[in-house]
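Open the model in your viewer and keep the selection tool handy. We will go from stop to stop, selecting a few residues each time.

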Amino acid sequence: LLFIYAKLSTAADVAKIGVVDLQKILETSRAGKAIQDQLKKEKEGMESDLQKKGTEIETIRKRLERESMVMSKEMREEKEREQRIKINDFKSLQKKYRADLQKLEAQLMNQLQNDVQELLAAIGKKEGYLLIVNKYGVLYSPRSIDITDNLIKKLNAKTSKRKKKK
């Protein structure tokens, strides 16, 4: 009878399940905030550049509209061609910026995901978790098994160590 109890106790210990809120990690950890800040800064720089280019195009359009009656046909066609080129350049730049931002986001998120995976594996082994799942993939979980805050502490410590090495 004692043997069976010990075996049941071990089985109960093995069934330890952890829940992690990945969105909370992105929003509240230092690494997640740094990613958001970097993406925001890049996006603002790109938007500022695009806004300048848009203003140039609008200036050309207004000038063309205003002066078209007094321009020669060749001059008007040249200005229209210049405007089309600027518009196409603007669209190309906009597309490039969008792709660059997506690429940067993927790189940064991949690094965060790798750090989280590494820490989750360590936490899982050290603390005896059978399974650790994303909170939003679960329909029910008691708050007591949510290990997100523990993971954020360790991620913040890891991020701080990495910054000190640089």
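**Stop 1**

Select I17, L130 and L131: together they make a nonpolar surface patch of about 260 Å². Patch members have over 30% relative accessible area and no salt bridge, with like charges joined within 9 Å and nonpolar side chains (Val, Leu, Ile, Met, Phe, Trp, Tyr) within 5 Å. Areas come from the Shrake-Rupley method with a 1.4 Å probe, and for residues only the protein chains shown count as cover. I17 belongs to strand β1, residues 17-20, and is partly exposed because its relative accessibility is 34% (buried is under 20% relative accessible area, exposed over 50%, partly exposed in between, with a 1.4 Å probe and protein chains only).

Before moving on, note that this is a predicted model, in which local features need pLDDT of at least 70 and side-chain atom pairs count only at pLDDT 80 or more, while totals for chains, interfaces and linings use all residues. Residues are numbered from 1 along each chain as its sequence is written, and side-chain values use heavy atoms, leaving out hydrogens and water.

**Stop 2: the whole chain**

Zoom out and show the cartoon. The chain has five helices and two strands, in the order α-β-α-α-α-β-α from the N terminus. Helices (H or I, at least four residues) and strands (E, at least two) are DSSP runs, numbered from the N terminus.

Now colour by pLDDT, the predictor's confidence in each residue from 0 to 100. The chain mean is 86, with 89% of residues at 70 or more. Confidence is lowest in helix α1 (residues 2-14), at a mean of 46, and highest in α3, at 94. Where pLDDT is low, predicted coordinates should not be read in detail.

**Stop 3: the nonpolar core**

Which residues touch the most other members of the largest nonpolar core? Select I25, L112, V116, L151 and L155, from a core of 18 residues. Such a core is a set of buried Ala, Val, Leu, Ile, Met, Phe, Trp, Tyr and Cys residues joined through side-chain atoms within 4.5 Å. At least two residues come from each of α2 (22-28), α3 (30-67), α4 (73-127) and α5 (148-165), and α4 gives the largest share, seven residues.

Centre on L155. Not counting residues up to four places away in sequence, L155 touches I25, S29, A31, L112, D115, V116 and L119; contact means heavy atoms within 4.5 Å.

**Stop 4**

A salt bridge here is a side-chain nitrogen of Lys or Arg within 4 Å of a carboxyl oxygen of Asp or Glu. D115 is buried, at 4% relative accessibility, and K158 is buried at 17%.

**Stop 5: along α3, and across to K79**

Select R63 and E67, whose side chains meet in a salt bridge (3.4 Å, N to O). They sit four residues apart in helix α3, so about one helical turn separates them. Finish at K79 in helix α4, a buried lysine with a relative accessible area of 15%. Leaving aside neighbours within four places in sequence, K79 contacts I60, R63, L64 and M71.
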